Amino acid sequence: MASIGKIARRTFLIGTAAIAGGVAFGVYQVRKDAPNPLVAGDGEATLNPYILLNAEGITIIAPRAEMGQGVHTTLAALVAEEMDVAWEDITVLHGPPAQAYYNQALLGLALPFRHYADSDFQHNLRKNVGMVGKLLNLQVTGGSTSTKDAYERMRHAGASAREALKLAAAAQLDIDARDLRTENSAVIAPDGSRFHYTALAEAVRDVSPPDVALRAKSEWKYLGKSMPRTDMVGKSTGTAPYAADTKLDGMKFATVRMNPRRSGMLSYDDSFAKTMDGVEAIIDLGDGIGVVANNTWLAIQAANAVDIEWEASSYPATTEELLDATRAAFDLDPNSTIRDDGDVSAAVEGTEITAEYTVPYLAHSTMEPMNATAIYRGDSLEVWSGNQAPIIVRDKCAEACGLTAEQVTVHTTLLGGGFGRRGEYDFSVHATKIAQAFPDTPIRMTWSREEDMQHDFYRPAALAQFRGVVADGKAQLVDGKIAAQSVTHTSSMRLVGQVPPGPDRGHVEGAADQPYAIPNFRITGHLADLSVPLGFWRSVGNSHNGFFFDTFIDEMAHAAGADPLQFRLDMAMAEHAPSAGVIAAVGEMANWGSETPDNIGRGIGFTYSFGTPVAEVVEVEDTGSGIKINKCWIACDMGTALDPSIVEAQMTSGAIYGFSAAMQGEITFFDGEAEQFNFYDYDAMRMHNVPEFEVRILETNNHMGGAGEPGTPPSMPALGNALFDLTGTRARELPLIKTFDLIL
Amino acid sequence: MPTTLTINGTAQSVDLPDDVPLLWVLRDEVGLTGTKFGCGVAACGACTVHIDGEAVRSCQVALADVWGEVTTIEGLGTPNNMATIQQTWVDHQVAQCGYCQSGQIMNAAALLAQTPNPTDADIDDAMQGNLCRCGTYPRIRAAIKDAAQRIQEA
């Protein structure tokens with residue numbers, strides 16, 4: 001089987017055992033300015049950056065990380081659909097770090113437009129700004145952008161490869177390519193004889209791939225259908241390789257203990273630890289220590305036995321102080337006033353309500369703890385890492401060990417959960433530094449769960465103050481202020497060394513960009529100047545603003561004496577039809593408005609995020625021994641659902657991730673350290689308290705939206721609103737377990 | 001002194017201290033990485049294996065305390081010869097990131113061995129020790145029920 005190490009240019013020297021008989025195709029015409037990172041060996045063809053063909057098979061290179069969201073399956077289907085590859089013939093590999101794989105759609109999200117107001121002009125402008133992604137080497141999996149970004153590029157790659165294969169066969173047969181057709185990974189001649197693509201790998205090398213039109217949606221065989229996931233058998237048999245499973249000859253096992261206050265190390269004493277069983281070395285990493293042993297568990301035992309004096313944190317030491325500092329940001333000039341319709345300072349007749357909301361810091365807590373494997377050979381470095389940003393990982397690892405980017409190879413493995421956490425490079429750099437201290441020896445470095453929980457890049461705690469006016473059953477005014485440390489600024493500084501100019505759109509997403517017609521509507525973003533390590537947590541700003549904004553809308557509906565679903569529907573109808581569509585659909589699914597017993601409560605939540613409107617209805621029940629979520633109905637509209645089974649799984653997954661956080665997720669700080677360590681004090685939903693789900697996918701949206709994240713934001717307010725319906729107590733603070741007797 | 005274990009029907013000699021957990025013997029010494037490390041404190045179930053058919057958290061069983069034959073996910077079935085429970089996992093397209101699924105499947109297999117026709121409450125009780133951050137629970141439940149039916153019909 002092909003491996004990316006053998007076919008990527010950077011690893012070509014290492015992968016001397018190049019695959020016999022293969023090709024690398026030229027790049028799809030419109031994008032030919034970025035060099036193809038794939039290099040063909042003898043008899044191989046890399047038809048473009050996405051396809052490698054040789055006598056052994058057809059390999060599709062996925063430019064995005066498979067972290068559970070099914071992207072390998074969907075991206076492969078885009079190529080296979082146009083190329084006519086038989087589904088069972090497909091092998092998918094992660095792409096190497098390369099400019100050709102930049103994410104154009106991700107940067108488009110940063111523009112301060114209301115996404116849903118997607119005129120063709122704005123759509124094109126977003127696309128052009130997205131080109132900057134290439135300059136920034138933004139090969140990033142995030143922002144629910146993978147399929148949107150690949151939708152045209154990878155289909156074009158498949159179409160042009162198909163035509164190139166026909167040309168190659170036509171030359172062999174000495175007939176016109178127009179007389180040939182393709183199906184099931186083969187070119188079919190007029191007399192019915194078949195030429196399997198793999199048999200054409202050698203011949204197609206010299207063909208210049210033509211640029212051809214894409215097939216109409218009505219002709220699709222794979223897209224729009226639920227395909228068997230390409231990673232499913234491996235993941236059901238324990239054979240799917242994650243970074244933590246990397247096996248190399250002579251490998252040693254390592255772990256780290258870094259400062260839980262996220263600053264430096266004053267001193268350490270390893271005199272006892274280094275005498276412990278299996279320990280081979282204890283390495284000074286500057287802001288922590290690494291332990292190398294003959295077994296991971298022995299390394300972790302020794303790391304815990306090192307006596308370390310840590311520096312204090314650069315941020316306030318307790319949750320209380322951090323929240324005070326966040327609250328103080330309300331008094332600062334706003335960083336953004338992206339939404340400012342009408343005049344919120346004008347006197348508006350009606351009933352005024354106000355509310356303040358608080359949500360906590362959150363950890364990603366992926367199932368696979370952070371880990372990476374590295375081997376340093378003096379003039380080269382190879383890293384195996386489950387990551388969402390291979391170019392950044394390559395560059396940071398190179399910098400850490402004093403090599404150039406060209407001397408570093410990054411193998412991106414399957415990710416045992418990402419949710420944003422694996423967009424970071426910290427764990428890959430740790431493995432690099434330990435490997436550098438142990439040259440020519442493969443080092444597999446694995447964090448303990450405790451290290452993982454205490455060294456996350458957290459979702460920030462956030463506060464909101466809302467004022468609203470309702471009259472005649474309708475919203476007349478919404479004035480919201482959102483305060484938090486900026487994820488965008490904190491992460492940009494860490495990842496690329498600068499803060500992007502202009503208003504921080506991510507800080508107010510989920511509130512400022514909601515598709516509601518409200519005559520006087522303003523959202524201001526206030527940035528707290530703190531240095532807590534923050535990162536992108538599934539749905540990012542929407543994860544707190546979705547809760548703030550939609551909960552306040554629910555409070556306004558209640559104050560207006562209106563039905564909460566109809567209240568939202570009226571505001572959405574005037575502004576964005578697909579949003580109104582999902583609200584109406586979820587009402588129909590749940591038979592909204594029907595009589596329910598006294599011990600049942602129902603709530604609706606709605607958030608438009610990553611181009612996809614999602615409405616959720618949650619039903620809760622007071623069982624007499626705690627409150628349980630019985631059922632969740634979800635309606636979404638991402639325009640084109642490329643794989644309905646995967647979309648359904650992502651919507652359900654997004655909601656469960658949101659419920660878990662809303663019910664019990666909370667990271668607190670004391671003495672500058674996160675106070676949570678493991679799943680016993682940072683848990684999530686489990687089999688016994690997960691509700692039944694029903695998902696409906698609508699396809700009316702003009703432009704393609706995301707699937708991995710949009711299910712998360714509305715789940716939290718929907719649950720809070722259902723609890724209000726059940727108990728009469730309004731959920732203004734998360735996690736809900738502080739206020740409600742939930743079954744955990 | 002080396003310890004001898006029987007893993008997936010094969011005797012394996014292991015030279016590690018007595019207190020090293022079975023999980024880390026399997027992963028680092030024997031090279032069976034299908035069994036996953038998630039928490040190290042029996043709070044997530046990712047490391048579930050069978051000892052004499054019983055589902056155990058291998059992160060909590062010291063090498064010296066392994067009392068019987070060990071079966072891991074690799075011993076349950078292979079990609080070309082999957083156990084029924086693995087086949088229903090594929091048919092129901094259960095896995096997302098997939099990291100917890102070895103443990104989920106091993107736990108479900110032990111449940112079905114003991115309770116061939118589990119109710120929802122049986123599934124809740126048996127599976128609540130297995131955490132899945134992707135939230136694949138609804139499909140896990142469906143795959144277990146389907147496997148129960150197929151095993152009984154076979």
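Chain B gives 47 residues to its contact with chain A, and chain A gives 50 residues in return. The model is predicted. On the chain B side, six helices each supply at least two residues: α1 (22-30), α2 (73-76), α3, α4, α5 (120-127) and α6 (137-153). By class, this side of chain B holds 27 nonpolar, 15 polar and 5 charged residues.

Now take chain B by itself. Its domain assignment gives domain 1, residues 3-75, and domain 2, residues 78-153. The centres of the two domains, taken over C-alpha atoms, are 20 Å apart. Where they meet, domain 1 of chain B contributes 15 residues and domain 2 of chain B contributes 12. On the domain 1 side, two elements give two or more residues each: β3 (48-51) and β4 (54-57) of chain B. β3(B) has the largest share, with 3 residues. By class, the domain 1 side of this contact has 6 nonpolar, 7 polar and 2 charged residues.

Next, look at a helix pair in chain B. Helix α3 of chain B covers residues 84-91, and helix α4 of chain B covers residues 101-114. They pack at an angle of about 125°, with their axes 10 Å apart. Angles from 65 to 115 degrees count as roughly perpendicular and those over 145 as roughly antiparallel. The angle of about 125° lies between these ranges, so α3(B) is oblique to α4(B). The crossing of α3(B) and α4(B) is right-handed. From α3(B), the contact uses I85(B), Q86(B) and W89(B). From α4(B), it uses Q101(B), I105(B), A108(B), A109(B) and L112(B). This contact of α3(B) with α4(B) has 6 nonpolar residues, 2 polar residues and no charged ones.

Finally, turn to one residue of chain A. Q514(A) sits in the loop between α15 (505-508) and β22 (520-528) of chain A. Is Q514(A) buried or exposed? A residue counts as buried if 20 or more other C-beta atoms lie within 10 Å of its own. Q514(A) has 31 such neighbours inside 10 Å, so Q514(A) counts as buried. Leaving aside neighbours within four places in sequence, Q514(A) is in contact with F549(A) and Y608(A). T607(A) is 93 residues from Q514(A) along the chain, yet their C-alpha atoms are separated by 7.1 Å.

Key:
Residues numbered from 1 in each chain as written. Chains lettered and ligands numbered in written order. Predicted model: local features only at pLDDT ≥ 70, side-chain atom pairs only at ≥ 80, totals over all residues. Axes fitted to C-alpha atoms, helices over the stretch in contact; angles between N-to-C directions. Helix = DSSP H or I, 4+ residues; strand = E, 2+ residues; numbered from the N terminus. Parallel < 35°, antiparallel > 145°, perpendicular 65-115°, else oblique. Left-handed = near helix turned anticlockwise from the far one by under 90°. Contact = placed C-beta atoms within 7 Å. Nonpolar A, V, L, I, M, F, W, Y, C, P; charged D, E, K, R; others polar. Domains from an automatic or database assignment. Buried ≥ 20, exposed ≤ 12 C-beta atoms within 10 Å, placed from the backbone.
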